[in-house]
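Here is a short briefing on how two chains meet. Take a look at the structure first.

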Amino acid sequence: MSCKVRIPAPLRRYTGDAAELHLDAATVGDLVKTIEAGHPGFAAKVLDDKGQLRRFINIYVNQEDIRFAGGLGTPLKDGDEVSIIPAIAGGDTSPAAPVDSPAWGR
Amino acid sequence: MNDSAGLLLTAAQMREIIAHCRSERPNEACGLLAGRGGRVLRVYPARNAERSPQSFLIHPDDQLRAMSEMERDGLEFTAVYHSHPTSDAVPSHRDIQLATYPEALNLIVSLKREPVVCRAYRIVGGHQSEVPLAIEKEAPDVRSK
């Protein structure tokens, strides 16, 4: 079950500059583990300490946001296209709540 | 990435961006700009998922759609634009902290007073520096690549 994974520029430093990976995985969570196996450190940029998707990371399977599908358990099938997309955010003033600083920055 | 060059837009593109920013007031407006070598060829207005006068989060569906189209058409992710409805066109602490795409410049539109003020910045690694913002009159033909 080979999937095409699109890696955006901010995360390529963790994939050896690869912009695209072709991997086999049964679910999105398995896919992250598979990428981590080949590129140690990648998972920490996508998942938080509890293993959940970071607030400012979005993962799409084809055109569907996995937060509205099965989360990290979203099944993958042959030919699926997975896009990992760091969010784009900012604002006029600092929010009252602490900002969850993106782990891929700096 | 064009380190020395700034952002080049047509007057029509700039009008579209400012109109979008005004239409979203009092909330912040946001969007993506695509092009080549700092010249903007396409404007992608996006939904502000936070619908806030003090913050923006580009709706991820809009982000995916725009970035997929850029990739398909061989365009660069030139810049992010957003408005500051009541403050100056200067990156806020949050703008700097959350800047995630180092290849993209940041265009800020201040609606604090008329006429509106637009300024462009490069924000990398927690540091911001202003870059030139140029407006040209004639629209390039986007279809002739």
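Across the interface of chain A and chain B, 12 residue pairs are in polar contact, both residues at pLDDT 80 or more. A polar contact is a pair of N or O atoms within 3.5 Å; within protein, one must be able to donate a hydrogen and the other to accept it, and residues adjacent in sequence count only if both atoms are side-chain atoms. This is a predicted model: local features need pLDDT of at least 70, side-chain atom pairs count only at pLDDT 80 or more, and totals for chains, interfaces and linings use all residues. Residues are numbered from 1 along each chain as its sequence is written, and side-chain values use heavy atoms, without hydrogens and water.

**The side of chain A**

**Extent**
- Chain A brings 29 residues to the contact and chain B brings 35 residues (heavy atoms within 4.5 Å).
- About 2,600 Å² is buried between chain A and chain B, with 53% from carbon and sulfur atoms (accessible area, 1.4 Å probe, lost on putting the two parts together, summed over both).

**Salt bridges**
- Chain A and chain B share 2 salt bridges (side-chain nitrogen of Lys or Arg within 4 Å of a carboxyl oxygen of Asp or Glu).
- A:Arg55 forms a salt bridge with B:Glu50, with the closest N and O atoms 3.8 Å apart.

**Strand pairing**
- S6(A) runs antiparallel to strand S4 (residues 56-57) of chain B, joined by 2 bridges (pairing needs at least two DSSP bridges).
- A:Ala89 has B:Leu57 as its bridge partner in S4(B).

Technical notes
Chains lettered and ligands numbered in written order. Helix = DSSP H or I, 4+ residues; strand = E, 2+ residues; numbered from the N terminus.
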